[in-house]
Amino acid sequence: PSQEHVETNFFHDSARTDAYRNALLQNLPDFQDKVVIDVGAGSGILSLFAVQAGAKRVYAVEASNMATQCQTLIEGNKLTDKIIMKQGKIEEVDIPEKVDVLISDLMGYMLFHERTLESYIHARKWLKPNGKMFPTQALLYTAPFSDETLYMEQYTKASFWFQSDFKGVNLSPLKE
């Protein structure tokens, strides 16, 4: 899905959005006059919530083209004095100071979508000693299941490349 689609899902997932906002607003001492990095900021909504919680400065780090929309939201909410947009991967951008708090929405697609968890962990290099991370933990529950229709659909897609005669072309060398 496109980054815009992912962001729209986040905004429409009120349980998730409210949980993040409440986590910040219910921990005001952790944000009041603090410097924050929003890892994988997307639209910047968590950056905006951090400012609502009293953050002195937020670095909104976003690698995708959502950085443009994030900057638009920052400007539209007149927060250019508090939120600094950094377009790029957290592994590659330069943050000019150590920060008190890291925030990120890494709860999306099973913690592993777009390698957000890895980036969030990498961002600790910018965290001051005794700095905070929101969230600090996550649980992933899995359960085995069987769905013959889904299995056949995926098997058929994978088997496509095993064909020795696709419109006169042998695709089977690609299976190796």
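1. Before we look at any packing, a word on terms: helices (H or I, at least four residues) and strands (E, at least two) are DSSP runs, numbered from the N terminus. An axis is a line fitted to C-alpha atoms, for helices over the stretch in contact, and angles run from 0 to 180 degrees between N-to-C directions.

2. Where this comes from: the model is predicted, so local features need pLDDT of at least 70 and side-chain atom pairs count only at pLDDT 80 or more, while totals for chains, interfaces and linings use all residues. Residues are numbered from 1 along each chain as its sequence is written, and side-chain values use heavy atoms, with hydrogens and water left out.

3. Now the overall picture. The protein has seven helices and five strands, and from the N terminus on they run α-α-α-β-α-β-α-β-β-α-β-α. Of its 176 residues, 38% count as buried (buried is under 20% relative accessible area, exposed is over 50%, and partly exposed is in between, using a 1.4 Å probe and protein chains only). The accessible surface comes to about 10900 Å², calculated by the Shrake-Rupley method with a 1.4 Å probe. Carbon and sulfur atoms hold 54% of that surface.

4. How far along the chain do contacts reach? Taking contacts (heavy atoms within 4.5 Å) between residues at least 6 apart in sequence, 65% join residues at least 24 apart.

5. Have a look at helix 2 (residues 14–25) and helix 4 (residues 45–52), which pack at an angle of about 30 degrees with their axes 9 Å apart. That makes helix 2 roughly parallel to helix 4 (angles under 35 degrees count as roughly parallel, over 145 as roughly antiparallel, 65 to 115 as roughly perpendicular and the rest as oblique). Their crossing is right-handed, meaning that the near helix is turned clockwise from the far one by less than a right angle.

6. Which residues make that contact? Helix 2 brings Thr17, Tyr20, Arg21, Leu24 and Leu25, and helix 4 brings Leu46, Phe49, Ala50 and Gln52. They divide into six nonpolar, two polar and one charged. For that sorting, Ala, Val, Leu, Ile, Met, Phe, Trp, Tyr, Cys and Pro are nonpolar, Asp, Glu, Lys and Arg are charged, and the others, Gly among them, are polar.

7. Seven of its eight residues are buried, so helix 4 is largely enclosed by the rest of the structure. The buried ones are Ile45, Leu46, Ser47, Leu48, Phe49, Ala50 and Val51. After helix 4 comes Gly54, with a positive phi near 105 degrees.

8. Most residues other than glycine have a negative phi, and most peptide bonds are trans. Asn130, in strand 5, has a positive phi of about 65 degrees without being a glycine, and Asn130 is exposed at 78% relative accessibility. Lys167, in the segment after helix 7, has a phi near 55 degrees and is exposed too, with a relative accessible area of 74%. A cis peptide bond joins Phe134 and Pro135, with omega about 5 degrees; Pro135 sits in the loop between strand 5 (127–134) and helix 7 (148–159).

9. Finally, what does Lys175 touch, leaving aside its neighbours within four places in sequence? Trp161 and Phe162 are its contacts there. Lys175 belongs to the segment after helix 7 and is partly exposed, at 47% relative accessible area. Its C-alpha atom is 9.2 Å from that of Gln163, twelve residues away along the chain.
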